[in-house]
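Thanks for coming, everyone. Please bring up the model on your screens, and we will go through some ring contacts and then some strands.

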Amino acid sequence: MSTKDFIEKDYYKVLGVPKDATEAEIKKAYRKLAREYHPDANKGNAKAEERFKEISEANDILGDPKKRKEYDEARTLFGNGGFRPGPGAGGGNFNFDLGDLFGGAPQGGGSGSFGGGIGDVFGGLFNRGGATTRTQPRRGQDIESEVTLSFTEAIEGATVPLRMSSQSPCKACSGTGDANGNPRVCPTCVGTGQVARGSGGGFSLTDPCPDCKGRGLIAENPCEVCKGSGRAKSSRTMQVRIPAGVSDGQRIRLRGKGAPGERGGPAGDLYVVVHVDAHPVFGRRDDNLTVTVPVTFTEAALGGEVRVPTLGGPPVTLKLPPGTPNGRTMRARGKGAVRKDGTRGDLLVTVEVSVPKDLTGKARDALEAYREATAGEDPRAELFQAAKGA
């Protein structure tokens, strides 16, 4: 549904309720009409199906108090398809097409919502030549930093110090940009920090003012420290908590921990990119840790119990079944990385049969005897048979 349809359609008429209808009345009207025009009750009736969609769309808007408020505000301003600002809105009367205004609005979605509300869309739009000169608060800049953790710190979480440099209000001029602390309102944008530019269709968009750089203020005597910008470079050290279970390359957002705002504006956000050092024993696969454990030939062939190290905890004992092949992976539950819900992944243990480099006399004799006892067995017989049949 386009924004134009959102404004031009009379949803109160669709549901057959007055504009001051209560939520209960709207709900009751919708249920009655929905039962009457539901596709299951009108199979093959295209008109009934279209009517049902229209009813559902109306209920989606009027049944939500926030959407209904936005819809009522939009209908009040644009009920006749055009807007006529008064004398204080920057000139004589003029009309513009809704398509020019909402040409960039999202299509589809069905909600008809304007995001921040109709007041956000038109706030300050027609304030041309008015008396107000109040400069607006400015949000602080976002900052990005990097931190390198050990493998264990990434799994268990850690608090690390971060030294950051950012732009903050200049202390020398208290963020005014003027050496005397008394900047004047920018005459170009009248303190709004924005200027209009034509986009066709009788409608204007706004850009940051080129004279005051979007600040709304101009320094008569520019501060020597910040050169009139009102911002100066500052450094600070912050203790940042890195949550358990972060992975290499992960980007963490810390709200309000970025550069301070200006004129009471909120601080920006801090983004921390995490780098994780490799571990000499353990690896990682999603929320699971991995480890390769060497076993002897007799342990793999005859079975047995194998002690396996864990990260930061006591060893666990895994039971090796007889005839365990080389490369088999077993699982030690709950010994992996921390998940977002606080639970842990598993430790994946891969068995690697260790072949001795040097054999003693008794060991060699024993293996010679084993070779003689299994001389009739050929482990590669099936391989060659499959190769011939392919």
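Phe297 is partly exposed, at a relative accessible area of 42%. Tyr370 is partly exposed too, with 44%. The cut-offs, with a 1.4 Å probe and protein chains only: buried is under 20% relative accessible area, exposed is over 50%, and partly exposed is in between.

A word on the source. This is a predicted model, where local features need pLDDT of at least 70 and side-chain atom pairs count only at pLDDT 80 or more, while totals for chains, interfaces and linings use all residues. Residues are numbered from 1 along each chain as its sequence is written, and side-chain values use heavy atoms, leaving out hydrogens and water.

Back to those two rings. What angle do the planes of Phe297 and Tyr370 make? They stand at 65 degrees, with the centres 5.9 Å apart, so the pair is edge-to-face. Phe297 sits in helix 9 (residues 297-302) and Tyr370 in helix 10 (residues 361-373), so this pair links parts of the chain 73 residues apart. Helices here are DSSP runs of H or I, at least four residues; strands are runs of E, at least two; both are numbered from the N terminus.

Now the pairing rule. Rings of Phe, Tyr and Trp (its six-membered ring) pair if their centres lie within 6.5 Å; planes under 30 degrees apart are stacked, over 60 edge-to-face, and the rest tilted. How many aromatic pairs does that give? Three. One of them is Tyr11 with Tyr71: tilted, 5.1 Å centre to centre, 45 degrees between the planes. Tyr11 belongs to helix 2 (residues 11-15) and Tyr71 to helix 5 (residues 65-78), so the pair ties together parts 60 residues apart in sequence. Tyr11 is buried at 0%. Tyr71 is buried at 1%.

Next, charges over rings. The rule: NZ of Lys or CZ of Arg within 6 Å of the ring centre and within 35 degrees of the ring normal. Arg251 sits over Tyr271, 4.1 Å from the ring centre. Arg51 sits over Tyr37, at 5.3 Å.

Last, the strands. Two strands pair if DSSP finds at least two bridges between them. Strand 11 (residues 288-295) has six of its eight residues buried. Strand 10 (residues 283-285) pairs with strand 11 antiparallel, over three bridges. Two residues separate them in a hairpin, and Asp286 in the turn has a positive phi of about 60 degrees. Strand 15 (residues 347-353) pairs with strand 11 in parallel, over seven bridges. Follow Leu289: Arg284 stands opposite, and Leu347 is its bridge partner in strand 15.
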